[in-house]
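Colleague: Thanks for sitting down with me over this one. Could you take me through how the pieces pack together, one question at a time?

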Amino acid sequence: MHAFLSSLARIRTLILKEFLTLLKDPKTRFLVIGPPIVQFFVFGYAATFDLDRVRYAVVDECRSPESRELLSRFAGSPTFRLVGELDSNQAVEDLIDRQGARLVLHVPPTFSRDLLAGRPTQLQVILDGRNSNVAGIALGYVNAIVAQYNAERATGIVAAPSLQAVGRAWFNENLRSRWFIVSALGGEITAVVVLLLTGLSVSREREFGTFDQLLVAPFSPPEILIGKAVPPLVFGMMDGLLLSTAAVLWYGVPFRGSILALLTVLALFMVSVVGVGLFISSLSSTMQQSLLGTFIFLMPAIILSGFTTPIENMPGWLQIATYANPLRYVVGACREIFLHGATLPMVRPLLWPMVVIAGTALSAAGWLFRHRME
Amino acid sequence: MNPADPILAIQDLHKSFAGKAKAPVAALRGVSFAVQPREVVGLVGPDGAGKTTLMRLAAGLLVPDQGSATVLGLDSVRDTLLIQGRVSYMPQKFGLYQDLTCQENLDLYADLQSVELAARPARYTRLLEMTGLAPFSDRLAGHLSGGMKQKLGLACALVKSPELLLLDEPTVGVDPVSRRELWRIVGEMVASEGLGVLAATAYLDEAEKCQRVVVLHEGLKLAEGEPAMFREQVRGHSFAVVPTSGTRPRSIQARLVGQPGVVDATIRGGRVRVVTEGASPQVMEGTFPAGMAAEIRPVEPTFEDAFMKLQADTQDATAARTAPSPAASHSPLPASDSVVHTRGLVKRFGSFTAVSDIGFDVHQGEIFGLLGPNGAGKSTTFRMLCGLSKATAGEVRVAGRDLRRTGSYARQRLGYMAQQFSLYGQLSVTENLRFFGRAYGLSGKRLRTRIEWALAEFELAAHRDDSAGLLPGGYKQRLAMAASLLHEPDILFLDEPTSGVDPLARRDFWRRINAFAESGVTVVVTTHFMEEAEYCDRMLIMSQGRELATGTPQEIRDLARTAVHPDPTIEDAFIALAEGTAKPSAPEAKP
């Protein structure tokens, strides 16, 4: 009992010391709050798949009321922005080459004649395929406008088409990609902050020689581990909750799930990230090494989290790798909670992998404290 | 420039540094002196005296607030580039590229100094030969020992044959053999190339070898002259107290330190060397029991005696030093007399054997020294003792246990002070003390009492709220020691505690260690200052991972006693042992 109490006292001392050193350093204070806010706005506003004001040009070889009617639908759409009317194929080539327009609409001379005669006709769309993603989405928008044009013309002449796909998106009714991105930001951004805080914590002490001082003192490795883990955990929770609240209040992302579920997910996620950070830090002998290690982990971890690109699109072997990535679970769970309205039992399958990751990483870090020494 | 002109003329130099939200610190307050061609001038003074500032001003790296530094007839501010082409400056930590080989470092500095390609091979050969680095020219600078690094630094500084060489504490942390070599190289260069040298140093025996010495103190020039002149000033003030057999010189020394009228008391060659205020040994009467001393006889003064007297005359405040109040009680250790016990200790890093077959015992209340140059394996041995490193083979027991396997309880009785300052720089003095106090299980009233004790004992009270990282060097050392003693340990491990500390602070430091040992604390200490070995009860001298000799200071000195050298110091003995001219002690001679 006495041993247990003195152990608790030592952990408390260590936690207080960690808080004190973190908060006394103006750079750390800034690191905890500055970059998360900047990233919150950068991700929220800049990371969007929705195309807006796509630059396009037209080559209208028909110059008929019908062609003008079709093209005016593009001009009137907020999705598209007309940058020029061209009169030659050479001009089209030039414009696309210098990225003056994402796409060019080419109306052939026979357009209105064929249309009025009831014959099928074509609208040629020339796309800049260098950014395949943008080209694909832009083509989708063009098809939507053309389909609508067809539908409206058809109603006047023949019976309505028998098969029609009616889209109705659940959870994100307008398919706004901002909801998709911002709902997971609480996990994503805090992962960076927590990794930097913990990644440096052991290696800094090793570099300044204070770690030896800790090892010689009566601290046991688990005590050091807990003492080192708690402060970044607290900062991480703070950031995670702040960003999640801001997602609702600033970007208007719905919060449909349970707060308890979010708290549990974030807490377990922080523990696993702290584990990874401490592991990297104990493995490094200098701060430079641990900083490098942190970034080597971070880049693939973000890509493999499904934050921006769906995990199902990845090849099978890479999908397996994502199971070891704590970010995968927090991203999934956050979206479930925010958009789907998940409660604690619903996210349970995403919780235990984080517990496993945290346990493995923390034990490895604790073992390294004493063994990563010459 | 007239050949008779000084190559360096310092005129009424002032320089202060603005502190953060504090009054500016005056580093230099009107210093003037000159260095002539072919002259070696020593610059001595305690930490914070302004030595480094003066060096940097002379090298044109700083702009003086007032006054001027004239180098080779050129003004250090207006003609900085011209000066820097003709002067070599070797800062305390020379900028060697650790990932380049010795040869590549030399090439780099030769390129930077635009040394002609044709002149290089001859210069390289000479420098490498002088420094003894020729066999290591392909080795990475980062893999050299401390002494070799300094020699390579000096070689790089000399690669262009400068007219003035500025050396800022070139021998800090360097073993005696390498120190001698460094000074020999400097001497040879002065003789063959006629350069002038200004060398700041913390070793007073080195200052003695200079032609002239300038003593700085808190930014002022205290004195200037030839070493002989300094010695004459204290003639008749220096005495040696010879202890009776069976009396530890330390016991006499501890009683003399801080007595009114006693300027300095140190242990040298088994005797207590005393410098008195007046030219008479009378002040010593009654300070120690008469039975302890066999004889008190006047001795030849040294520069060090004069330096200590100068310091004492200037700062009366610190003269009234009280003996420390050591920890009141110590729980007796387990019956086994040997507190630290090692046998056949081996440590290998890959194919390199850092420590080979080291074995010794340390008894309770003993001060045990691990001596040897940098790279001898002292720190590696030390880290194995503290449980910070795993022995490849052999046995380590501290208080009967292996520290790598024991729990918190055993470690609670140890104090550890690392080689480099290793407290939390961002935390204040009290915050550091509180943390380490609590780490060792102190709390409440007892913690507060101990912190107050530490602040008073180590004279840290004025700095209690300052960040530890911003403390001056000597204070950092004191804080580190205070932190390791807060919990009144039974065993104290000190790794190079006096490295980079000025002579005054070093005396203070040993005064405290002695007091703790007298009160029953067992002390294991590593040092490369050979004269400090005199404070140890017993010592182990190491070189290249092996034991050279073990024994009391007396026994070690006896090893080097010859007809030519009837009265060797520990340093003489070390050099004799290292060079193989003295034979190590036979194992059966061990106590």
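Colleague: Let's start in chain A: at about what angle does helix 3 of chain A run to strand 1 of chain A?

Modeller: Happy to, and please keep in mind that this is a predicted model. Helix 3 of chain A covers residues 65-75 and lies across strand 1, strand 2 and strand 3 of chain A. Its direction relative to strand 1 of chain A is about 170°.

Colleague: And which strands of chain A does helix 4 of chain A lie across?

Modeller: Helix 4 of chain A spans residues 89-97 and runs at about 165° to strand 3 of chain A. The strands that helix 4 lies across are strand 1, strand 2, strand 3 and strand 4 of chain A.

Colleague: In what order do the strands of that open sheet come?

Modeller: Four strands of chain A form this open sheet, and their pairing is mixed. Strand 2 (80-85) and strand 4 (124-127) of chain A are the edge strands, pairing on one side only. From one strand to the next the twist averages 30°. The order is 2-1-3-4.

Colleague: Now the domains: how far apart do the C-alpha centres of domain 1 and domain 2 of chain A lie?

Modeller: The domain assignment of chain A gives domain 1 as 2-47 + 177-373 and domain 2 as 54-153. Between the C-alpha centres of these two domains the distance is 48 Å.

Colleague: On to the helices: is helix 8 of chain A roughly parallel or roughly antiparallel to helix 10 of chain A?

Modeller: The axes of helix 8 (residues 185-208) and helix 10 (residues 221-251) of chain A come within 8 Å and cross at roughly 160°. Angles over 145 degrees count as roughly antiparallel. Helix 8 of chain A is therefore, relative to helix 10 of chain A, roughly antiparallel.

Colleague: How many nonpolar, polar and charged residues are there in the contact of helix 8 of chain A with helix 10 of chain A?

Modeller: The crossing of these two helices is right-handed. Residues making the contact include I189(A), V193(A) and L197(A) of helix 8 of chain A and F235(A), D239(A) and L243(A) of helix 10 of chain A. By class, the residues divide into 10 nonpolar, eight polar and two charged.

Colleague: How is helix 1 of chain A oriented to helix 10 of chain A?

Modeller: Helix 1 (residues 2-24) of chain A and helix 10 of chain A have axes that come within 8 Å and cross at roughly 40°. That angle makes the orientation of helix 1 of chain A to helix 10 of chain A oblique.

Colleague: Which residues of helix 10 of chain A meet helix 15 of chain A?

Modeller: Helix 10 and helix 15 (residues 344-371) of chain A pack at about 120°, with their axes 9 Å apart. Helix 10 of chain A passes helix 15 of chain A in a right-handed crossing. On the helix 15 side the residues are L362(A), A365(A), G366(A), F369(A) and R370(A). On the helix 10 side they are P221(A), P222(A), I224(A) and L225(A).

Colleague: Turning to chain B, which strands stand at the edges of the sheet?

Modeller: The open sheet of three strands in chain B has the order 16-15-18, with antiparallel pairing. Each edge strand has a single partner strand, so one side of each is left without a neighbour in the sheet. Those edge strands of chain B are strand 16 (352-363) and strand 18 (393-398).

Colleague: Which residue of strand 16 of chain B does T342(B) stand opposite?

Modeller: Strand 15 (residues 338-349) of chain B runs antiparallel to strand 16 of chain B, and eight bridges join them. The residue opposite T342(B) is F360(B).

Colleague: Last one: which helix of chain B gives the most to the side of chain B that touches chain A?

Modeller: Here 24 residues of chain B are in contact with 22 residues of chain A. Helix 12 (408-411), strand 19 (414-417) and helix 13 (429-439) of chain B each supply at least two residues of that side. The most, four residues, comes from helix 13 of chain B.

Terms used. Residues are numbered from 1 along each chain as its sequence is written. Chains are lettered from A and ligands numbered from 1 in the order in which they are written. This is a predicted model: local features need pLDDT of at least 70, side-chain atom pairs count only at pLDDT 80 or more; totals for chains, interfaces and linings use all residues. Axes are lines fitted to C-alpha atoms, for helices over the stretch in contact, and angles run from 0 to 180 degrees between N-to-C directions. Angles under 35 degrees count as roughly parallel, over 145 as roughly antiparallel, 65 to 115 as roughly perpendicular and the rest as oblique. A crossing is left-handed if the near helix is turned anticlockwise from the far one by less than a right angle, and right-handed if clockwise. Two residues are in contact if their C-beta atoms, placed from the backbone, lie within 7 Å. Ala, Val, Leu, Ile, Met, Phe, Trp, Tyr, Cys and Pro count as nonpolar, Asp, Glu, Lys and Arg as charged, and the others, Gly among them, as polar. Domain bounds come from an automatic or database domain assignment. Two strands pair if DSSP finds at least two bridges between them.
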